[in-house]
Amino acid sequence: MSMSATDSPATPVRLALTMGDAAGIGPEVIVKTLAHLDATQSPIEAVVYGSNEVMRQEARALGYTGAIEVVEVGPELDFSKRPVGRLDRRAALVQWRALQRAMEDVDQGRADAIVTAPWNKALFELAEMPVVGHTEVLQAHYGQDRVVMMLGGERLKVALVTTHVALSEVSQRLSAPLLREICAVTLAGLKERFGVARPRLAVCGLNPHAGERGHMGDEELLWIDQAVADLDREFSDAEISGPWPADTLFAKFRGEGMPYDAVICMYHDQGLIPLKLLHFGESANITLGLPIIRTSVDHGTAYDIAGKGVADAGSMIYATELAAKMVARVRGGVF
Ligand SMILES: NC(=O)C1=CN([C@@H]2O[C@H](COP(=O)(O)OP(=O)(O)OC[C@H]3O[C@@H](n4cnc5c(N)ncnc54)[C@H](O)[C@@H]3O)[C@@H](O)[C@H]2O)C=CC1
Ligand SMILES: NCC(=O)COP(=O)(O)O
């Protein structure tokens, strides 16, 4: 999904790329993304929010000699000895401040959208801060009652009803009103962010075989069947079907084509395992339901390979170009 200078929007798209965890692969995939944008003469202006010292070290290590514009968020922090592949308090502060500063700049019109490199949620323990993901921070900052975590590639897009919740709690968290909110935000996102005129949503069941008529769990019989039928009636400008047995539903995405515009998944791994099998490295995390555009990578901080120069930047590139496309769509342009 490369964007070239010939199909660029009239005004360049300025993206805030947050560096994430300094000890992970975030700085590396960002440098590789900048190299890709240079090589493709992309009209995207990428500005990195993080540590200037860390970005310089990473660029040196990778032999990148292009310009890097950095908004420094940790001027008092000494990164001359950069942490690699381990939890570090300085990295916690930088990853937090980078997102805060990027949101501020988007809010003030100094950037068009945010693209986040991975951060390590556990890092926040070291700084005695709440252990949260970007999604929760963005949701709180923009005061949204409901946002949706969608991960998507060219063919499969999954939207999660529950996200970072223990499996043992999923059933209690699910409800018809929650499913309705997730479907409503997902439909609006597919229309506004992806330009899908009449979205087709497939809703997964919770249980194996969607409950097999109550023999393998009864949530489908108790409320999911009815909730999906009600949603399909309510949203007449969309097609909403299900609850489908998740295993056979995802099998439909093995061939060519796109049987549905998005799959609504009841819990994290129900959606992310098929997504990563099909699209890992070629997909992005998109937060729907925000007044701004935010995309992210489909992977984490990968401490096992940090500092080795072997990280695949495919997802960071995908997320960056997708954000630019979305900005162009909001402006009324086409890529
Ligand atoms: N967007 C974000 O901020 C995300 C952050 N995380 C965080 O990352 C941390 C580590 O999570 P894990 O479950 O270990 O997932 P992970 O994605 O960091 O690593 C899983 C495996 O995939 C490999 N991998 C990941 N990205 C790669 C890339 N770009 N190129 C080549 N190989 C790659 C790693 O080397 C590792 O073997 C956790 O703290 C988690 O919360 C996880 C997912 C998303
Ligand atoms: N599994 C996806 C994930 O953890 C994304 O978290 P974040 O984008 O909210 O930081």
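Student: Which residues have the most contacts inside the largest nonpolar core?
Tutor: In this predicted model, Leu 15, Val 158 and Ile 264 have the most contacts inside that core, which has 104 residues.

Student: Which domains does this core draw on?
Tutor: The core takes at least three residues from each of domain 1 (1-144 + 290-335) and domain 2 (147-286).

Student: What does Val 158 touch?
Tutor: Not counting residues up to four places away in sequence, Val 158 touches Met 150, Leu 151, Ala 262, Val 263, Cys 265, Gly 271, Leu 272 and Leu 275.

Student: Back to the domains. How are they assigned along the protein chain?
Tutor: Domain 1 is made of two segments, 1-144 and 290-335, while domain 2 covers 147-286. Their centres, taken over C-alpha atoms, are separated by 28 Å.

Student: How many residues does each domain give to the contact?
Tutor: Domain 1 gives 17 residues and domain 2 gives 14 residues.

Student: Which elements of domain 1 give two or more residues to that side?
Tutor: They are α4 (134-141), β11 (294-296) and α10 (314-330). The largest share, seven residues, comes from α10.

Student: And how do the residues on that side of domain 1 divide by class?
Tutor: There are six nonpolar, eight polar and three charged residues on the side of domain 1 that touches domain 2.

Student: Now the ligands. Which residues come nearest to ligand 1?
Tutor: Pro 118, His 299, Gly 300, Ala 302 and Asp 312 come nearest, out of 19 residues around ligand 1. By class, this shell holds nine nonpolar, seven polar and three charged residues.

Student: Is Glu 28 buried or exposed?
Tutor: Glu 28 is buried, because 25 other C-beta atoms lie within 10 Å, and the threshold for a buried residue is 20 or more.

Student: What is Glu 28 in contact with?
Tutor: Apart from neighbours within four places in sequence, Glu 28 is in contact with Glu 58, Leu 62, Gly 309 and Ala 311. As for Gly 332, this residue is 304 residues from Glu 28 in sequence and 33 Å away in space, C-alpha to C-alpha.

Student: Which helix holds Leu 34?
Tutor: Leu 34 lies in helix α1, which spans residues 26-39. Leu 34 counts as buried because it has 27 C-beta neighbours inside 10 Å.

Student: And what does Leu 34 contact?
Tutor: Leaving out neighbours within four places in sequence, the contacts of Leu 34 are Ala 46, Tyr 64, Gly 66 and Ile 68.

Student: Finally, the overall fold. How many helices and strands are there?
Tutor: The protein chain has ten helices and eleven strands.

Student: Why is the chain described as being as compact as a globular protein of that length?
Tutor: Its radius of gyration is 20 Å, close to the 20 Å that the globule rule gives for 335 residues, so the chain is as compact as a globular protein of that length. Along the principal axes, the C-alpha atoms fill a box of roughly 60 × 45 × 35 Å.

Student: What share of the residues is buried?
Tutor: Buried residues account for 49% of the 335 residues in the protein chain. Of the contacts between residues at least 6 apart in sequence, 74% join residues at least 24 apart.

Technical notes: Residues are numbered from 1 along each chain as its sequence is written. Chains are lettered from A and ligands numbered from 1 in the order in which they are written. This is a predicted model: local features need pLDDT of at least 70, side-chain atom pairs count only at pLDDT 80 or more; totals for chains, interfaces and linings use all residues. Domain bounds come from an automatic or database domain assignment. Two residues are in contact if their C-beta atoms, placed from the backbone, lie within 7 Å. Helices (H or I, at least four residues) and strands (E, at least two) are DSSP runs, numbered from the N terminus. Ala, Val, Leu, Ile, Met, Phe, Trp, Tyr, Cys and Pro count as nonpolar, Asp, Glu, Lys and Arg as charged, and the others, Gly among them, as polar. A residue is near a molecule or strand if its C-beta atom, placed from the backbone, lies within 6 Å of it. A nonpolar core is a set of buried Ala, Val, Leu, Ile, Met, Phe, Trp, Tyr and Cys residues joined through C-beta atoms within 7 Å. A residue is buried if 20 or more other C-beta atoms lie within 10 Å of its own, exposed if 12 or fewer, and partly exposed in between; C-beta atoms are placed from the backbone. The radius of gyration is taken over C-alpha atoms; the globule rule is 2.2 Å times the number of residues to the power 0.38.
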